[in-house]
Amino acid sequence: MSIITTVVQVNDKNTRTVNTQKGEKQVISTPIIKDSTGKWVYASAFINFRVENGDILTISGRIEQKEDGQYLNNNFAFPTVERLYKPKGTGTNSQPSKDIPEIGDEIEINDDDLPF
C-alpha cells in the first residue's frame, strides 16, 4: 500500500460542494498521475474545513478505485488534508499566480505571511 501526497490550489474547476447526511461538505479533485496514454488521472477528497479560491492544500492518503458504470472513480481513503497557504484578501482569484518562484529563486517572506 502506497501513500500519495499532492499539493493543489483551490479554484472553481476543481472544487464542488456536495450534500451529505452530516450537511454540506466540499470535495476537491486533483491530478495524481498520468496514465499510459498520457492523460491525467484524478482523485477526489472530502475537505473537513472551509476553503476558498486561492487556498493551497496538501492532500495525502491511499487511493481507492471504484467502478461506476463505464468509469473508474479514484478517491483518497481517509486522507490528510491540510491548508498549506491561505492568501490574504477575499479569495476571489481562481487563476494560479503568475509570479510563482522557480526552483533556486530567492523569495522574501514576511512574518505576517506565516501561519504560525
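Reply: Strands here are DSSP runs of E, at least two residues, numbered from the N terminus. The model is predicted.

Me: Is Lys66 buried or exposed?
Reply: The cut-off for exposed is over 50% relative accessible area. Lys66 has 52% relative accessibility, so Lys66 counts as exposed.

Me: Which residues does Lys66 touch, not counting residues up to four places away in sequence?
Reply: Contact means heavy atoms within 4.5 Å. With residues up to four places away in sequence left out, Lys66 touches Tyr71, Leu72 and Asn73.

Me: How many bridges pair S5 and S6?
Reply: S6 covers residues 71-85. Ile63 stands opposite Phe76 in S6. S5 and S6 pair in the antiparallel sense, and the number of bridges is 12.

Me: Which residue in the turn of the S5 and S6 hairpin has a positive phi?
Reply: The hairpin has 2 residues between S5 and S6. A phi of about 70 degrees belongs to Gly69.

Me: What is the phi of Phe78?
Reply: Phe78 lies in strand S6. At 79% relative accessibility, Phe78 counts as exposed. Most residues other than glycine have a negative phi. Phe78 has a positive value, near 50 degrees.

Me: Which residue in S5 is the bridge partner of Gln9?
Reply: Strand S1 (residues 4-9) runs antiparallel to S5, joined by 6 bridges. In S5, the bridge partner of Gln9 is Ile56.

Note on methods. Residues are numbered from 1 along each chain as its sequence is written. This is a predicted model: local features need pLDDT of at least 70, side-chain atom pairs count only at pLDDT 80 or more; totals for chains, interfaces and linings use all residues. Side-chain values use heavy atoms; hydrogens and water are left out. Buried means under 20% relative accessible area, exposed over 50%, partly exposed in between (1.4 Å probe, protein chains only). Helices (H or I, at least four residues) and strands (E, at least two) are DSSP runs, numbered from the N terminus. Two strands pair if DSSP finds at least two bridges between them.
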